[in-house]
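Work through these exercises with the structure open beside you. Try each task before you read its solution.

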Amino acid sequence: MKIMAIGAHLDDIEIACGGTLAKALESGHEVYALIMSKSGYTNKDGGIQRTSELAVKEGVQALNTLGISHIDILDFPTKDIPFISDVVNAIDVCMSEYQPDIIFTHHPFDTHQAHEGVSKATIAAARRKNTVIFYEPITPSGRSYVAFKPHLYVDIETTLEKKILSLKCHKSEYNKFGAEDWIEGVRCRCGFRGYEIGKKFAEAFEILRMEMGFDAKCNLN
Ligand SMILES: [Zn+2]
């Protein structure tokens, strides 16, 4: 299978579905990561908190740690990626070229405006695609449980450590989130989602739509 994972920022994919993508790669599937911004940002006083150069360097290293080498990083503004035709078209071009079987993107009720915009733009760009799946809104920026429904679980016990290692590549994020708290929070959520399905660690997803077959294509294993 060809899997396309779309994120507004470098770190979104790793936090929300890094274990699943690593597992897919280990099982012989293909993964393509499309990141919509170079992900540098300023603090409230206007001072640079993370340069784009550093964000790209750490982000590529993090994705590589998951085993992902097919990566495109676009240049939309980090904090403002609206649901407009320019964003839809950019995703459309990449999607048309790659022709994915499965698409992962943000949840449309994510509270981060850029996450919401990317989600809606992905839905529009994927209008002719049959399998579109939302990953869980990330904490704290995307935290919203108004609508997220965990329909689909992936057991990530075997790839959790790879996911944690990929998060540790984002060293310049530590100042914002606090290294131990941030990483422990992600690990605990995976533990909670795992507990819900009787496994040690898992990632949860909500399905927009999904084509189901009755052959090996249904499974990542
Ligand atoms: Zn983000």
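**Exercise 1.** Is His112 buried or exposed?

*Solution.* This is a predicted model. Start with the cut-off: a residue counts as buried under 20% relative accessible area. Next, take the value for His112, which is 16%. His112 is therefore buried. Now place His112 in the chain: it sits in the loop between E6 and H4. Last, list its partners. Beyond residues up to four places away in sequence, His112 touches His9, Thr78, Lys79, Ser141 and Gly142.

**Exercise 2.** Describe the second largest pocket, and find which residues are closest to its centre.

*Solution.* Begin with the volume: the second largest pocket holds about 330 Å³ of space. Then turn to the lining, which has 24 residues. The closest to the centre are His9, Tyr41, Thr78, His112 and Lys176. Finally, look at the elements. H1, strand E3 (41–42), strand E4 (48–50) and helix H6 (174–177) each give two or more residues to this lining.

**Exercise 3.** Which atoms coordinate the zinc ion, and why is their arrangement called irregular?

*Solution.* First, name the donors. His9 gives ND1, Asp12 gives two OD atoms, and His115 gives NE2, at 2.0 to 2.5 Å. Second, check the angles. The four donor atoms subtend 55 to 133° at the zinc ion, so the arrangement is irregular. A tetrahedral site would need all angles between 85 and 135 degrees. Third, read the spacing along the chain: H-x2-D-x102-H. Asp12 lies in helix H1 and His115 in helix H4 (residues 113–125), so this pair ties together parts that are 103 residues apart in sequence. Both Asp12 and His115 are buried.

**Exercise 4.** Which residues have the most contacts inside the largest nonpolar core, and which element gives the most to this core?

*Solution.* The largest nonpolar core has 34 residues. Ile13, Leu21, Leu63, Ile68 and Phe104 have the most contacts inside it. Now trace the suppliers. Elements that each supply at least two residues include strand E1 (2–7), helix H2 (52–66), strand E7 (132–135) and helix H7 (179–196). H1 gives the most, with seven residues.

Zoom in on one residue. Ile68 is in contact with Leu21, Leu25, Val31, Ala33 and Leu63, leaving aside neighbours within four places in sequence. Then look beyond this core. A second, separate core has 22 residues, among them Met4, Tyr32, Met95 and Ala126. As background, nonpolar side chains tend to be buried together in soluble globular proteins.

Definitions and conventions:
Residues are numbered from 1 along each chain as its sequence is written. This is a predicted model: local features need pLDDT of at least 70, side-chain atom pairs count only at pLDDT 80 or more; totals for chains, interfaces and linings use all residues. Side-chain values use heavy atoms; hydrogens and water are left out. A nonpolar core is a set of buried Ala, Val, Leu, Ile, Met, Phe, Trp, Tyr and Cys residues joined through side-chain atoms within 4.5 Å. Buried means under 20% relative accessible area, exposed over 50%, partly exposed in between (1.4 Å probe, protein chains only). Helices (H or I, at least four residues) and strands (E, at least two) are DSSP runs, numbered from the N terminus. Contact means heavy atoms within 4.5 Å. Donors are N, O and S atoms within 2.8 Å of the metal (3.2 Å for Na, K and Ca); water is not among the atoms, so sites may look incomplete. Four donors count as tetrahedral if all angles lie between 85 and 135 degrees; four count as square planar and six as octahedral if opposite donors are over 155 degrees apart and all others between 65 and 115; anything else is irregular. On a 1 Å grid over the protein atoms alone, a cavity is a set of points where a 1.4 Å probe fits but cannot get out, and a pocket is an open set with protein on both sides within 12 Å along at least five of seven lines; lining residues have an atom within 4 Å of a point. Grid points are joined across faces, edges and corners, and a volume is the space filled by probe spheres set on the points.
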